[in-house]
Every structure is written in structure tokens, then in C-alpha cells.
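Colleague: I have a few minutes before the group meeting. Can you put the model up and take me through it?
Modeller: Here it is.

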Amino acid sequence: MASSSTTYRSSSSSDGGNPSGPVVAVDDRKRKRMLSNRESARRSRMRKQKHVDDLTAQINQLSNDNRQILTSLSVTTQLYMKIQAENSILTAQMTELSTRLESLNEIVDLVTTTNNGGGVDQIDGCGFDDRTVGINCDGYYDDMMSGVNPWGGSVYSNQPIMANDMMNMY
């Protein structure tokens, strides 16, 4: 730039005001400045485009991550609901089994207190305890004990409670 201004000054002083010399130098400087500005603008546009591309890629990546998180959350929610349902069933089964155990313990206490010293009481005069058999002397079912044993039949049935039976109840 210093050389072109020197050229401008020297040509203006030596030419005596000839406009062709200084105009060429000014046009040359103006053209160089325009080229430099164009190049700078081009670089700026490229930086801006790269920034937009980077942001677009980041949006895509975050959208994919968001979809994966939502899918994982959905699966986890479904598993939670399934486990909660199973827990509800198990809680109901536990309550029922606790009630059965309490009832059976009451029956055991009743039988223990009825059999003072190991002897067999004759509730209806048949010579044996009707609660263990479930029928009275006439061969009919003893309805008196059906209230004590809500599941009917003999108080001392030898049938275990199976987990599959509990699952089929619900």
C-alpha cells in the first residue's frame, strides 16, 4: 500500500495533475480491497455454513439420543407396571395365606383346648371328634364346623397349597 501511495504522489507531482496515473493507482487499490472483502465474505459464509452444519448434526444426534431415552423409558415403565401387577397379586396371596394360617391356628388352638389332657371329647356323643372327620353320627356333614373352616371339608385335609392354585385364582 505504501508503494501505491508513493506512486500516486510521485505521479501527481511529476505529471502536473494528469488524472490517468492517480486513477489507475486508486482503482488498483480499490480492486484489491474489493477482492480482499470478497474473500473475507466468502470465508465468513463458509464459517457460517460450517456452524449451521455442525448445529444440524448436533440436533440430529440429540434427537436420536432423545428417541433412545424415550424408548428406554417406555420399556422401563412397562416393566414397572408388570412388576407392580405381580406385586399386587403376591400381596393379595400373602393376605389370603395369612388369613388361612390365622384360621388354621385358631382351629389348632380350639382342638388343643377341647382335648384336655389328650382325651377325645364327644361333641355329639359319637365317641370321636366330628371336626376331624367332617360328618356327624348320622352320616351328614357337620354344618357347625363349616364356619370354622371356610374352605369346607375336613379341617385336617392333607392337601398342600400349591403356588399354581394361587395363580389360577386371579
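**Confidence and contents**

Modeller: This is a predicted model, and within the protein chain the confidence is lowest in helix α1 (residues 2–15), with a mean of 46, and highest in α2, with a mean of 94.
Colleague: Which stretch has pLDDT below 50, and how many contacts does it have beyond near neighbours in sequence?
Modeller: Residues 120–128 have pLDDT below 50, and that stretch has 20 contacts in the model beyond near neighbours in sequence. Residues 139–147 also stay under 50, with twelve contacts beyond four places in sequence.
Colleague: How should I read coordinates where pLDDT is low?
Modeller: Where pLDDT is low, predicted coordinates should not be read in detail.
Colleague: And what is the mean pLDDT of the protein chain?
Modeller: The mean is 75, and 55% of the residues reach 70 or more.
Colleague: How many helices and strands does the chain have?
Modeller: Four helices and zero strands. Along the sequence that reads α-α-α-α.
Colleague: What percentage of the residues is buried?
Modeller: Buried residues are 12% of the 170 in the protein chain. The chain exposes about 13,300 Å², and carbon and sulfur atoms supply 57% of that area.
Colleague: Of the contacts between residues at least 6 apart in sequence, what share joins residues at least 24 apart?
Modeller: In the protein chain that share is 42%.
Colleague: Let's switch to side chains. How many salt bridges does the structure hold?
Modeller: Six. One of them pairs R31 with D28, with the closest N and O atoms 2.6 Å apart.
Colleague: Where do R31 and D28 lie?
Modeller: Both are in helix α2, three residues apart, which is about one turn of the helix.
Colleague: What about R42 and E39?
Modeller: Their side chains meet in a salt bridge at 2.4 Å, N to O. R42 and E39 lie in helix α2, three residues apart, about one turn of the helix. R42 counts as partly exposed because its relative accessibility is 36%, and E39 falls in that class at 31%.
Colleague: And R100, which residue does its side chain meet?
Modeller: E96, in a salt bridge at 3.2 Å, N to O. Since R100 and E96 are four residues apart in helix α2, about one helical turn separates them.
Colleague: Is R100 buried or exposed?
Modeller: R100 counts as buried, because its relative accessibility is 14% and the cut-off for buried is under 20%.
Colleague: Last one, T114. Where does T114 lie?
Modeller: T114 lies in helix α2, which covers residues 20–114. At 15% relative accessibility T114 counts as buried.
Colleague: What lies 2.5 Å from a polar atom of the T114 side chain?
Modeller: The backbone oxygen of L110.
Colleague: Thanks, that covers my list.

Key
Residues numbered from 1 in each chain as written. Predicted model: local features only at pLDDT ≥ 70, side-chain atom pairs only at ≥ 80, totals over all residues. Heavy atoms only, no water. Helix = DSSP H or I, 4+ residues; strand = E, 2+ residues; numbered from the N terminus. Buried < 20%, exposed > 50% of the residue type's maximum accessible area, 1.4 Å probe, protein only. Contact = heavy atoms within 4.5 Å. Areas by Shrake-Rupley, 256 points an atom, 1.4 Å probe, with all protein chains shown as cover. Polar contact = N/O pair within 3.5 Å; in protein donor to acceptor, adjacent residues only side chain to side chain. Salt bridge = Lys/Arg side-chain N within 4 Å of Asp/Glu carboxyl O. pLDDT = per-residue confidence, 0-100.
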